[in-house]
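This report describes a single protein chain for a reader who is new to structural analysis. Please keep the sequence and the structure in view while reading.

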Amino acid sequence: MNVTSKLLSVFKVDKQFRGLRSRLSAAEKFLAEQNRQIEQINAKKSSLEAQQRQLAAAAANFEGEVKRLDARMATIREQMNSAQTNKEYKAFLTEVNTIKAERDRQETSALEQMGKVEEVKRQIDELEKSRAERERMQAVAVSDRDQRAAEIKDKLADLQNQRDTLARDIPKDTLVLFERLVQTRGDEAMAHIEEADRRRHEYHCGSCMMALPIEAVNGLLVSGKLTRCASCQCILYIDEELAKSMKEPAGKR
Ligand SMILES: [Zn+2]
């Protein structure tokens, strides 16, 4: 095997490796999104609960005031019964009416606050429902992630072994160059040569479509020596099928 074929084998194994990993990454990303949304719901819920406590405390204050005014009115009514003069009686009556008006205002405020407490409670119930729903999705996401991780575990180890074996056979500097290209170009680190017109010697890079000199194509065909596209820098190779047909005598085609 020449160096380009060896690199191509490593490239194909790497591609499978990345493909398997990316399915797992997608599952991990989905799970992270569920976790994020649950945290968001929890934060919103705590804020609503704090609001609920404040409103309930305000309602209790108004209710306390109502009770205090009721007690005060009861006392005055007793005093009214023992009023000595009509003038005294009227004075008590005026006071009772004033307190009664104030008591009604306090009661209205208490009811208003309690209404708000109910509204906040309704919002909290809604949040709990959507959290329960989200937690079901989170559970699905966890099992999906675990299942995918388990599915690919052996395959990844197997691919790693294959790669180690293949890589051992490639010159160190070539491998470093190749790995650097994979880092920057991923699946475009290597590209096949495309044939546009054999008679006119027109070939181009399968990645960037730039025309390639016929010497480069011939070099690859004959010795499989390391050949890079001058334009996009990828490492070039010739598909088995194309190589086979290019090696056939012209008359046979
Ligand atoms: Zn190119």
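Glu88 is a residue of helix H2, which covers residues 86-167. The model examined here is a predicted one. Is Glu88 buried, exposed or partly exposed? Glu88 has 13 other C-beta atoms within 10 Å. A residue counts as exposed at 12 or fewer such atoms and as buried at 20 or more, so Glu88 is classed as partly exposed.

## Overall form of the chain

Five helices and four strands make up the secondary structure of the chain. In sequence order, these elements give the pattern α-α-α-β-β-β-α-β-α. The radius of gyration of the chain is 41 Å, whereas the globule rule gives 18 Å for 253 residues; the chain is therefore more spread out than a compact globule. Taken along the principal axes, the box filled by the C-alpha atoms is roughly 135 × 40 × 35 Å.

Of the 253 residues, 12% count as buried. Contacts between residues at least 6 apart in sequence can also be considered: 70% of them join residues at least 24 apart. The domain assignment divides the chain into domain 1 (16-167) and domain 2 (173-252). The centres of these two domains, taken over C-alpha atoms, are separated by 64 Å.

## Helix H1

Helix H1 covers residues 3-81 and has 79 residues. What distance does H1 reach from its first C-alpha to its last? The distance is 115 Å, close to the 117 Å expected at 1.5 Å a residue.

The buried residues of H1 are Thr4, Lys6, Leu7, Leu8, Val10, Phe11, Val13, Asp14 and Leu55. The elements that cover these buried residues include H2, H3, S1, H4 and S4.

## The sheet

Strands of a sheet pair through backbone hydrogen bonds, and the pairing may be parallel or antiparallel. In this chain, four strands form an open sheet in the order S3-S2-S1-S4, with mixed pairing. S3 and strand S4 (235-237) stand at the edges and have a single partner strand each, so one side of each is left without a neighbour in the sheet.

Strand S1 (residues 190-197) pairs with strand S2 (residues 202-205) in the antiparallel sense, over four bridges. Within this pair, Ile193 stands opposite Cys205 of S2. S2 also pairs with strand S3 (residues 211-212), again in the antiparallel sense, over two bridges. Here His204 stands opposite Ala211 of S3.

## Residues with positive phi

Most residues other than glycine have a negative phi. Which residues depart from this pattern in the loops? One of them is His201, which has a positive phi of about 60° although it is not a glycine. His201 is found in the loop between S1 and S2, a hairpin with four residues between the strands. With 15 other C-beta atoms within 10 Å, His201 is partly exposed.

In the hairpin of S2 and S3, five residues lie between the strands, and Met209 takes a positive phi near 70°. Gln233 is a further case, with a phi near 75° in a residue other than glycine. Gln233 is found in the loop between H4 and S4 and is partly exposed, with 17 other C-beta atoms within 10 Å.

## The nonpolar core

The largest nonpolar core has 24 residues, and those that touch the most other members are Leu7, Ala189, Met190, Cys234, Ile235 and Leu236. At least two residues of this core are supplied by each of H1, H2, helix H3 (172-185), S1, S2, helix H4 (214-223) and S4. Which element gives the largest share of the core? The largest share is five residues, and it comes from H1.

Leaving aside residues up to four places away in sequence, Cys234 touches Leu181, Arg185, Glu188, Ala189, Met190, Ala191, Cys205, Ser207, Arg228 and Cys229.

How values were computed
Residues numbered from 1 in each chain as written. Predicted model: local features only at pLDDT ≥ 70, side-chain atom pairs only at ≥ 80, totals over all residues. Rg over C-alpha atoms; globule rule 2.2 N^0.38 Å. Contact = placed C-beta atoms within 7 Å. Pairing = 2+ DSSP bridges. Domains from an automatic or database assignment. Core = buried A, V, L, I, M, F, W, Y, C linked by C-beta atoms within 7 Å. Expected span 1.5 Å × (residues − 1).
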